[in-house]
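Me: I am new to this structure and would like to understand the words used for it. Could we go through them together?

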Amino acid sequence: MSDGEAFDFRIDYIISVIEDTDAKVVGLQFPEGFKRRSPGIASRIEDETGVTVFISGNPCFGACDLDVALLNDVDILFHFGHAHLDDNKISQKVYFIETRSAVDVNDVVELAASKLEGRRIGLITTVQHVHKLDDAVKVLEQHGKQCVICPGDSKIAYPGQVLGCNFSAARNADCDEYLFIGSGQFHPLGVSLAMKKRVLIADPFVNELREADYSKVLRQRSAVIAKSLDAEVFGIVVSSKPGQERMELAMELKRMAKAHGKDAHILTMDLVTPDQLLQFKVDAFVNTACPRLAIDEVGRFHAPMLTPLEFEIVLGEREWEDLYFDEITGE
Ligand code: SF4
């Protein structure tokens, strides 16, 4: 199955929105995995509606990552691949096309049923499969399991949905273990570390099961913390992206650093990359932007990149045992 068939880009809906709003200039923003589909989708929209389409070429990793500059140049913006965040209420011009998966989950959930050890199963997934959770419930109930699917906080659009920076839907689920439906590693690792419970990953694209094992990530994080223990000068990174900006937290961390006799400077930027930070000669960075950054890009920065929780451990304000993935939570 090609990704064109596996995911629903909702072109007919997009065309109806354009006609209803009488938009003349339309922006399209795709996450990295869907960018190669953008020319075909743009051509179809232009051909069928006569609008002018601008495609965002900027990197895009989440709903936190709206192309604000492009938004100023278009009548409406279609953002693909993510559900809205509460921060996105700022603009009525943005339409989220969640790009849901058409892939069937029944077979892989059937496979998972025999490997799940607990009775109460917390079901979690990304927005791509959130509409398939009811199918998963039916399969698991046939195997005598009780399923728990909980709403998250205000950052979370659907019950059972998790983001790489928000596991609140999992945290709210009173269960023995979790079943994550999806293909990524990061979300189930974060949930298993946050909840200290087993998370089984059911990947419907390849029909495979695996268990989330955070031991390697924990070893990497311990090494990053250990390298930062003697640091005297810290760069606290703040992103200006609407859903990632945490200046208040950065200011609090800076105050904490000063109270411990350390030097700390707030570095503001849009996209945070190893190259972007190369010229800042600090002993360690603290990342308040996308929480995935420090974990996914480990070893690529020229100085250790800590999460805010790890920074607290470095300063002696938090115990090593209380190490979790950083989250951006809502209300
Ligand atoms: S901050 Fe990171 S993990 Fe959270 S939605 Fe944005 S890209 Fe995803």
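Reply: Gladly! Domain bounds here come from an automatic or database domain assignment, and the model itself is predicted. On that basis the protein chain is divided into domain 1 (3-97), domain 2 (106-213) and domain 3 (223-322).

Me: How do you know that domain 1 and domain 3 are in contact?

Reply: Contact means heavy atoms within 4.5 Å. By that cut-off, 8 residues of domain 1 are in contact with 5 residues of domain 3. The C-alpha centres of domain 1 and domain 3 lie 33 Å apart. The area buried between domain 1 and domain 3 is about 540 Å², and carbon and sulfur atoms give 67% of that area.

Me: What makes Asp65 and Lys241 a salt bridge?

Reply: The rule asks for a side-chain nitrogen of Lys or Arg within 4 Å of a carboxyl oxygen of Asp or Glu. Asp65 and Lys241 have an N to O distance of 2.7 Å, which is within 4 Å, so the pair is called a salt bridge. Across the interface of domain 1 and domain 3, the rule finds 1 salt bridge. On the side of domain 1 that touches domain 3, there are 6 nonpolar, no polar and 2 charged residues.

Me: Which general idea lies behind such pairs?

Reply: Side chains of opposite charge can pair when their charged atoms come close. A search of the whole structure finds 20 salt bridges.

Me: Why is it said that Glu310 and Arg221 tie together parts that are apart in sequence?

Reply: The closest N and O atoms of Glu310 and Arg221 are 2.7 Å apart, and the two form a salt bridge. Glu310 lies in helix α13 (residues 308-314) and Arg221 in helix α9 (residues 215-228), so the pair links parts that are 89 residues apart in sequence. Both Glu310 and Arg221 are buried, a word used for residues under 20% relative accessible area.

Me: How far apart along helix α10 are Glu252 and Arg255?

Reply: Glu252 and Arg255 are 3 residues apart in helix α10 (residues 247-259), so about one helical turn separates them. Their closest N and O atoms are 3.2 Å apart, and the two form a salt bridge.

Me: Why are Glu252 and Arg255 called partly exposed?

Reply: Buried means under 20% relative accessible area and exposed means over 50%, with partly exposed in between. Glu252 has 37%, so Glu252 counts as partly exposed. Arg255 has 48%, so Arg255 counts as partly exposed too.

Me: What makes Asp263 and Lys258 another salt bridge?

Reply: Their N to O distance is 3.4 Å, and the cut-off is 4 Å, so the name applies. Asp263 is partly exposed at 30%, and Lys258 is partly exposed at 43%. Elsewhere, salt bridges that share partners join Glu117, Glu177, Arg198 and Glu211 into one network.

Me: What is there to notice about phi in Arg10 and Asn207?

Reply: Most residues other than glycine have a negative phi. Phi of Arg10 is near 55°, a positive value, and phi of Asn207 is also near 55°. Arg10 is in the loop between α1 (3-6) and α2 (11-21), while Asn207 is in the loop between β8 (199-203) and β9 (208-211). Arg10 is partly exposed at 38% relative accessible area, and Asn207 is partly exposed at 37%.

Terms used:
Residues are numbered from 1 along each chain as its sequence is written. This is a predicted model: local features need pLDDT of at least 70, side-chain atom pairs count only at pLDDT 80 or more; totals for chains, interfaces and linings use all residues. Side-chain values use heavy atoms; hydrogens and water are left out. Buried area is the accessible area (1.4 Å probe) that two parts lose on being put together, summed over both. Ala, Val, Leu, Ile, Met, Phe, Trp, Tyr, Cys and Pro count as nonpolar, Asp, Glu, Lys and Arg as charged, and the others, Gly among them, as polar. Helices (H or I, at least four residues) and strands (E, at least two) are DSSP runs, numbered from the N terminus. Buried means under 20% relative accessible area, exposed over 50%, partly exposed in between (1.4 Å probe, protein chains only).
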